[in-house]
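Dear colleague,

Please find below the structure that I am handing over to you. My notes on what was found in it follow directly after.

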Amino acid sequence: MDYAENILGTIGNTPMVKMNKLVEDLPCLVLAKYETFNPGNSVKDRMGLMMIEDAEADGRLKPGGTIIEGTSGNTGMGLALAAIIKGYKLICVLSDKQSKEKMDILRAVGAEVHVCPTDVAPDDPQSYYSTSKRLSEEIPNSWYVNQYDNPSNCKAHYMSTGPEIWEQTDGKVTHFVVGVGTGGTISGVGTYLKGKNPNIKIWGIDTYGSVFKKYHETGEFDEKEIYAYVTEGIGEDILPLNVRFEVIDGFTKVTDKDAAIYTRRLAKEEGMFLGNSAGAAIKGLLQIHEEVGFTKDDVVVILYHDHGSRYVGKFFNDEWMAQKGWLEE
Ligand code: PMP
C-alpha cells in the first residue's frame, strides 16, 4: 500500500510542466514549477509546515498554542493544514484588498480571520502588521509567525523547492524566474541553485507600487515607489529579511493590467488555471527576454505560486475586468 500518514505528507514533489503557446516566440525551454499540486493549492504549504516545525523544535510554539500570522491567504492555508494535524489554533490577519475567496477558504479550514485596511502605513495601529503583533502580545500562549523575517520560510525552499528544481532539470536549469513577496521562494531556491551552479541567473518579478526593484538597483528605500496596486501576492512596502538581494540578479516590474491579462491567458491558452502572481510572472519572463535575450540552450524555470480558484471573483470575472478597463478579449 502507498499512502501518506496525513495530508502533510503530500506537500512538495510538485510537477514541472513545459510552457508552450505563451512562450512560442522564445528560443529557450521554459518549464513551470507547478505549485498548485500542494494540498493547500499553493507553494506556501512548504513554508507553513517548516515554520511550525522549527518553532515547535525550539519552544517558540508550545502544545495547545495559538498561531498568529498576517497573511494574504496562501500562507494562512499552509499554516492551517499543519495547525489542524498538529492541534493548534490559527488566527489570520488579512488586508481588505485580498479576495473574498481567500478569506472564505481560510475560514473553511478553521482559521479565525481578522480583516484590516490596506491603505495605511505598516506602522499604523490598524495595519495588518501592527494588528498581528498586538494580538500576539494580548493572547496567552500565542506565537507570531512573521513570514517576512522568519528564516524557516526561506529554509523550506532551500531544502525542498530548490533541490526539486535542480533534480527535475537534471541540473540544466540556467534561469529561475519568480514573483517576490516575502522573498522566501526566490531566496531559498536562489541560494540553493547558486550553490549548485553560480552561473544560474535568478530573476524576481515585482509590481508597480513596490520597493524591491529600485532598492535592488540603487540600495535606496524610496517611499515614492510605494502606492496601492491591484496585483496580489507580490511586491511590498517593506524590506523583508527573507528577500536576500545578493542572490537576485535582477527584477522586472509588471503592470496590474498586464498581470491580469496574462493570468487569464495562462488559463485559456495553456490550460493553466493559476493565481494572479503567475500572470505577472509569465509576463515578467517575456519582459526579461526582451532585456537579456534568452538563447536556445537556456532552460528557464518559472514558479507558479497558487491556484486560479482563489481569483474567480476578480481576474477571471469579466465584469470586474471591464470595470477596470482591462477586458480586451
Ligand atoms: N504569489 C502568491 C500568490 C503569494 O501568495 C505569494 C506570497 N505572498 C507570492 C507570490 C510571493 O512568494 P514569496 O512570499 O515566497 O516571495
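This is a predicted model: local features need pLDDT of at least 70, side-chain atom pairs count only at pLDDT 80 or more; totals for chains, interfaces and linings use all residues.

Asn141 sits in the loop that joins helix H4 (128–138) to strand E6 (142–144). Its phi is positive, near 50 degrees, although Asn141 is not a glycine. Most residues other than glycine have a negative phi.

Asp170 belongs to the loop between helix H5 (151–168) and E7. Asp170 counts as exposed, because it has 8 C-beta neighbours inside 10 Å.

Asp124 is located in the loop between strand E5 (112–116) and H4. Because Asp124 has 14 C-beta neighbours inside 10 Å, it counts as partly exposed. Asp124 and Asn141 are 17 residues apart along the chain, and 25 Å separates their C-alpha atoms.

The chain as a whole

The secondary structure amounts to ten helices and ten strands. Along the principal axes, the C-alpha atoms fill a box of roughly 55 × 50 × 40 Å. For 329 residues, a compact globule would have a radius of gyration near 20 Å, and the 19 Å of this chain agrees with that. Of the 329 residues, 49% are buried. Among contacts with a separation of 6 or more, 72% are between residues 24 or more positions apart.

The nonpolar cores

The largest nonpolar core contains 51 residues, and those with the most contacts inside it are Phe176, Val177, Val178, Ala281 and Ile302. H9 supplies the largest share of this core, six residues. Apart from it lies another core of 31 residues, including Leu49, Leu61, Ile68 and Cys92.

Which residues does Val177 contact, leaving aside its neighbours within four places in sequence? Val177 is in contact with Trp203, Ile205, Ala281, Gly284, Leu285, Ile288, Val300 and Ile302.

Helix H9

Helix H9 covers residues 276–292. With 17 residues, H9 reaches 24 Å from its first C-alpha to its last, close to the 24 Å expected at 1.5 Å a residue. H9 is mostly covered, with twelve of its 17 residues buried. The buried residues include Asn276, Ser277, Ala278, Gly279, Ala280 and Ala281. Further along H9, Ile282, Lys283, Gly284, Leu285, Ile288 and His289 are buried too.

What covers the buried residues of H9? Several strands take part, including E2 (29–34), E7 (175–179), E8 (201–207), E9 (250–254) and E10 (299–304), and helix H8 (256–270) also contributes. Just after H9 comes Gly293, with a positive phi of about 70 degrees.

Helix H8

H8 has 15 residues and reaches 21 Å from its first C-alpha to its last, close to the 21 Å expected at 1.5 Å a residue. Its buried residues are Asp256, Asp258, Ala259, Ala260, Tyr262, Thr263, Arg264 and Leu266. These buried residues pack against E9, H9 and helix H10 (318–324). Gly271 follows H8 and has a positive phi, near 70 degrees.

Lys257 is also part of H8. Why does Lys257 count as partly exposed? The reason is that Lys257 has 16 other C-beta atoms within 10 Å, whereas a residue needs 20 or more to be buried and 12 or fewer to be exposed. Lys257 and Ala280 are 23 residues apart in sequence, and their C-alpha atoms are 9.3 Å apart in space.

The surroundings of the ligand

How many residues surround the ligand? There are 16, and the closest are Gly181, Thr182, Thr185, Gly233 and Ser277. Ser277 is also one of the buried residues of H9. Helix H6 (residues 184–196) provides the largest share of the shell, three residues. By type, the shell is made up of twelve polar residues, three nonpolar and one charged.

With kind regards

Key: Residues are numbered from 1 along each chain as its sequence is written. Helices (H or I, at least four residues) and strands (E, at least two) are DSSP runs, numbered from the N terminus. The expected span of a helix is 1.5 Å times one less than its number of residues. Two residues are in contact if their C-beta atoms, placed from the backbone, lie within 7 Å. The radius of gyration is taken over C-alpha atoms; the globule rule is 2.2 Å times the number of residues to the power 0.38. A residue is near a molecule or strand if its C-beta atom, placed from the backbone, lies within 6 Å of it. Ala, Val, Leu, Ile, Met, Phe, Trp, Tyr, Cys and Pro count as nonpolar, Asp, Glu, Lys and Arg as charged, and the others, Gly among them, as polar. A nonpolar core is a set of buried Ala, Val, Leu, Ile, Met, Phe, Trp, Tyr and Cys residues joined through C-beta atoms within 7 Å.
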